Amino acid sequence: MRMIGTLKTASGALRRNVMRTLLTTLGIVIGVGAVITMMEIGNGASLAIQRTLTAIGANTLVIIPGAQFVGGINYGIGSMTTLTPNDADAIAKGCPAIASVAPIVRARTQVVYGNKNWVPTYIYGSTPSFLQVRDWVDMDEGESFTEHDVRNASKVCVVGKTIVRELFAGQSPIGKEIRVRNVAFKVIGVLQQKGANMMGQDQDDILLAPWTTIKYRVVATTLSGGNQSTTNTSNTTEVNSLTMTYPNISTSLYPTQSTNEAADLPQPIRFANVDQILTAARGPEWIQTAIDQITDVIRENHHLRPTAPNDFTVRDMTEITKAMSSTTDLITRLLLYVAMISLMVGGVGIMNIMLVSVTERTREIGLRMAVGAEPNDILRQFLTEAIVLCLAGGIMGIIAGRGASMIVSKVLHWPTAPSIGAVVAAVVVSASVGVIFGFYPAWKGSRLDPIDALRYE
Amino acid sequence: MDNLIKLHDIHKTYHLGEIDLPVLKGISLEIERGEMVALMGASGSGKSTLMNILGCLDHPTSGEYWLEGRDISGFGARERARLRNRILGFVFQNFNLLPRTSALENVLMPLSYTKEGLTEHQKKERASAMLEKVGLSGRIDHHPSQLSGGEQQRVAIARSLINRPQVLFADEPTGNLDSRTSEEILEMFQGLNGTEGITIILVTHDPGVARHATRIIRIKDGLIDGAA
């Protein structure tokens, strides 16, 4: 009730000199407007940076089988054959922090089309979600293979731009058949150009097919063993006319284990193993949670005793995530300083005008005191005026800022993103600017002596 | 009838740097409920200072001030503000209306400092009743700049009456008015004094104005010269 009265008095006083009120508010309008615009442009920029870094693979977590250690010989990371597509499914189900999961089977072999041949850097067998994990969903041409293709071990593949250049001389490869170790794959899609990764490897030099096809029709063994001395030579590399005709005739569905391996790893042998599992966390802030969840799920899935060490490793892209968080931190901090300065300038304007207003209305203050206003009433009245002024400026500033950022994104095509936080902050900050810069003039007014104030000319 | 106002040996001394400037040098007076008193004196005699003390705008350096049987000489700023709001009314020489504010809102203004649970509607009704009493019912929405001097003073009187005061202070109320309007205003004071029984204290240097009062108190050099 009393509050409403004070508000009414304040708005009445402000209406008495509309032009001055508007000009005073302009400081706050520009301040808040600038803050909102900056925040939205900054938000857009950091989102864009985030998106770029995500495309590089900032949110990617790689799960690699552990190292086999048999008879004093360490076979290096990835030499265990314990990671299975089943683990990938378990992660997809059991880890809420993970957005997508793709098991990967690797191969390195010759690819032939017509009279040309080439050895791609990457021959990956995976699931369609590989493209989601790598943020590579939009195809340049054609489409990706499906889960159905994975189940059927269909002989279809998707190729990168480099392969198109090397094998097809830049012509559309869609519908053509290429041979990978004498298995004919139909090309159904071309990936968009991604360029080299941070280590300088050409990421477009890739052939992507269902992991079942690569696993059972092409490699039929794991390629992860870094130690070639352990490779079982009696596998598919043998030249044999029968394998030419039926390339998968010697495919063993179970990974072959040495006797030592079988003795040292008293685990049920898995149906199929994969070289690695690629996952993408929901966002940079989810990475640690995701690592913990993955560890729990796979340990559970592998029936590891609490004391047993992990038979796998989860790797994150620390370097990239660090770059990401430091970039966004920097932007946010920069904007905060800009915000502070512009609002400060606006606040000084408010203080100036409120001081003028108190002096100008000395007689009014005296009169109000004479009819029974207590010093606190006067203080409240002028403080309310300052706050109303700032809040009105804040609201106009929000509208102006939104408008400006909309124009910026429309005309300059800069990425912007609306920020609720900035709006809330603008309202809170402009109100506090009103309190801080309005207090001194209001206090000055409330300390006036009614007799002197009434006689003031 | 008891004394509404009783002053006992009131002194007021202003300190101007090193020099002490005594303005009131021991004033004792009594004003009864329903009186219409004129405070007269030349400028510099101390009559304005006396009015400020009587009107609770200022506090005496020493002495006792009894208002409605209570000693208020020791009251602080907040308590005096409350007294001014509830018991005292003021009419000034230069009207002191809020510019660019309607007559009604000017009259309503003191109510916003009253801790009395009146609804907005009740307040407005009371304010328009007051304006009607001073004969301005047709000018409710006019701003001070659209009113004549006499009308402005009547708005000021309506404003001073809004909280039904016991005492009305009028500081040279006709100083800025022509003689015919002055007469009207003074008649209005007499009417309020006669019909409503409001105690009125007129501060003036004009014997013509003082004539309307029932009693004249003359101040000279900070002392009461003689009561008539």
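**Interface.** I began with the contact between the chains: chain B puts in 18 residues and chain A puts in 17 residues. I counted two residues as in contact if their C-beta atoms, placed from the backbone, lie within 7 Å. On the side of chain B that touches chain A, helix α2 (residues 77-86) of chain B gives the most, with six residues. I then sorted that side of chain B by class and got eight nonpolar, five polar and five charged residues. Nonpolar here covers Ala, Val, Leu, Ile, Met, Phe, Trp, Tyr, Cys and Pro; charged covers Asp, Glu, Lys and Arg; the others, Gly among them, are polar.

**Ground rules.** This is a predicted model, where local features need pLDDT of at least 70, side-chain atom pairs count only at pLDDT 80 or more, and totals for chains, interfaces and linings use all residues. Residues are numbered from 1 along each chain as its sequence is written, while chains are lettered from A and ligands numbered from 1 in the order in which they are written.

**Chain B.** I found seven helices and ten strands. Helices (H or I, at least four residues) and strands (E, at least two) are DSSP runs, numbered from the N terminus. Of the 228 residues in chain B, 44% are buried (20 or more other C-beta atoms within 10 Å of the residue's own, all placed from the backbone).

**Chain A confidence.** I checked pLDDT, the predictor's confidence in each residue, from 0 to 100. Chain A has a mean of 81, with 88% of its residues at 70 or more. Confidence in chain A is lowest in helix α8 (residues 241-245), at a mean of 47, and highest in strand β9 (residues 156-159), at 93. Residues 221-244 of chain A fall below 50, yet this stretch has 34 contacts in the model beyond near neighbours in sequence.

Terms used: Buried ≥ 20, exposed ≤ 12 C-beta atoms within 10 Å, placed from the backbone.
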